[in-house]
Amino acid sequence: MNTITLTNRKNAAISRGVGMTTQIYADRAENAEIWDKEGRRYIDFAAGIAVLNTGHRHPRVIAAVKDQLDHFTHTCHQVVPYESYVHLAERLNALAPGSFAKKTIFVTTGAEAVENAVKIARAATGRSAVIAFGGGFHGRTFMGMALTGKVVPYKVGFGAMPGDVFHVPFPVEMHGVSTEQSLAALKRLFAADVDPQRVAAIIIEPVQGEGGFYPAPVAFMKALRELCDQHGILLIADEVQTGFARTGKMFAMNHHEVAPDLMTMAKSLAGGFPLAAVTGRAEVMDAPGPGGLGGTYGGNPLGIAAAHAVLDVIKDEDLCNRANQLGSRLKQRLESLRDKVPEIADIRGPGFMNAIEFNDKVTNLPSADFANKVRLIALEKGLILLTCGVHANVIRFLAPITIQDNIFVEALDILETSILQASAGN
């Protein structure tokens, strides 16, 4: 069946609210490659939006899930528990940053992890307000939308958001917001809008994902930790997109000298199977009463089995080091284009969580058109890319960390050609 026929069927059967970046209909995939229903091959630099750090169908992940299938597929851990859930919680408690006792819960999606982190923070502090950052993304549920710092397309048309959510600017020097200015905005918020003694939590992505792959400055994260401690506020690190070796460390918070009180995880936790988690200080995690947390599919046995395999692969294949190597090579190739491509405004990102930002070469304003032109040219050449950013002028790179060297080189060649072609025709 060809793409046009499938697209027509999709348009007739599926809500238009489910957007699609490409019209590629996957038939099969392996590591960093996808073949569509027409037999065309693509190199995947999207990885299901940061879900496949260990690649499509990693043999150890597939083997773990097949083994679990032979035992049981679902009992609901709240009804009939299982040891693998307990063991994975133990592993995440040990891996998460912070030299304090921790506990974990499992849910199904990143948005659900964020919702539960807010519930836990409110239960632990007896407070209701939550502070988030402009440009941040925390999900499409109502609390997730409220916390997300971008209106279109996430909030538009959905009416009033949950209350007691406040936003301050995220520190991005290239867009005129320094660490000092962001901290000053927090102090103004406390003076004008919300008593800090009413704030349960501040939630932050250590590297903004949808917002443009901007890393939080080390000094800012340290100051945020001090501010939270001063006012009895819990610090939530949203590691849904940054976790599991993507930034060159197991978690992006490992780049900072401070630890969060709560951390949300999902995406690459289970190598393509739906699983999410909240890990945090034991006494904070124990604040909700029995039955206050959970969900029918939370901690599904197949996802748990996959996650155990993912953690093994990250360790055994040294994926943190691999991420740093790949990211360095990618950024070097992009830097070599600066003199030829005046649209390049910035190249950034820790580990293999990298991005390139484009401005118009005449106005020097953010250029979503140029970023999309690069994406479309690359797609035609067989490379799948994703854009992001408040101005949609950023291309983010999320290829599997397990990508083979020869395929990585092929992808870099396509990327370079696509950027040069877009600039030449601009």
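A crossing of two helices is left-handed if the near helix is turned anticlockwise from the far one by less than a right angle, and right-handed if clockwise. Helices (H or I, at least four residues) and strands (E, at least two) are DSSP runs, numbered from the N terminus.

The model is predicted: local features need pLDDT of at least 70, side-chain atom pairs count only at pLDDT 80 or more, and totals for chains, interfaces and linings use all residues. Residues are numbered from 1 along each chain as its sequence is written, and side-chain values use heavy atoms, with hydrogens and water left out.

**Exercise 1.** Determine how the axes of helix 11 and helix 13 are oriented, and which residues make the contact.

*Solution.* Step 1: axes are lines fitted to C-alpha atoms, for helices over the stretch in contact, and angles run from 0 to 180 degrees between N-to-C directions. For helix 11 (residues 319-335) and helix 13 (residues 405-424), the axes come within 10 Å and cross at roughly 30°.

Step 2: angles under 35 degrees count as roughly parallel, over 145 as roughly antiparallel, 65 to 115 as roughly perpendicular and the rest as oblique. Helix 11 and helix 13 are therefore roughly parallel, and their crossing is right-handed.

Step 3: contact means heavy atoms within 4.5 Å. Helix 11 contributes R322, L326, R329, L330, R333 and L334, while helix 13 contributes D405, F408, V409, L412, D413, L415, E416 and I419.

Step 4: Ala, Val, Leu, Ile, Met, Phe, Trp, Tyr, Cys and Pro count as nonpolar, Asp, Glu, Lys and Arg as charged, and the others, Gly among them, as polar. The contact of helix 11 with helix 13 has eight nonpolar, no polar and six charged residues.

**Exercise 2.** Classify the packing of helix 12 against helix 13.

*Solution.* Step 1: the axes of helix 12 (residues 368-380) and helix 13 come within 9 Å and cross at roughly 130°. Helix 12 is therefore oblique to helix 13, in a right-handed crossing.

Step 2: on helix 12, the residues F370, K373, V374, I377 and A378 meet I414, S418, I419, Q421, A422 and S423 of helix 13. By class, this contact has seven nonpolar, three polar and one charged.

**Exercise 3.** Classify the packing of helix 3 against helix 10.

*Solution.* Step 1: helix 3 (residues 59-69) and helix 10 (residues 301-316) pack at about 150°, with axes 8 Å apart. The two helices are therefore roughly antiparallel, and the crossing is right-handed.

Step 2: residues of helix 3 in the contact include R60, V61 and A64, and those of helix 10 include P301, L302 and A305. The classes are 11 nonpolar, one polar and three charged.

**Exercise 4.** Describe the interface between domain 1 and domain 2.

*Solution.* Step 1: by an automatic or database domain assignment, the protein is divided into domain 1 (6-57 + 318-424) and domain 2 (61-317). Their centres, taken over C-alpha atoms, are separated by 25 Å.

Step 2: 33 residues of domain 1 are in contact with 36 residues of domain 2.

Step 3: buried area is the accessible area (1.4 Å probe) that two parts lose on being put together, summed over both. Between the domains about 2700 Å² is buried, of which carbon and sulfur atoms give 60%. T54, C320 and M353 supply 22% of the area that domain 1 buries against domain 2, more than any other three residues.

**Exercise 5.** Locate A47 and P153 and describe their backbone geometry.

*Solution.* Step 1: A47 lies in helix 2 (residues 47-50). Phi of A47 is near 55°, a positive value in a residue other than glycine.

Step 2: P153 belongs to the loop between helix 6 (142-147) and strand 6 (165-168). The peptide bond from V152 to P153 is cis, with omega near 5°.
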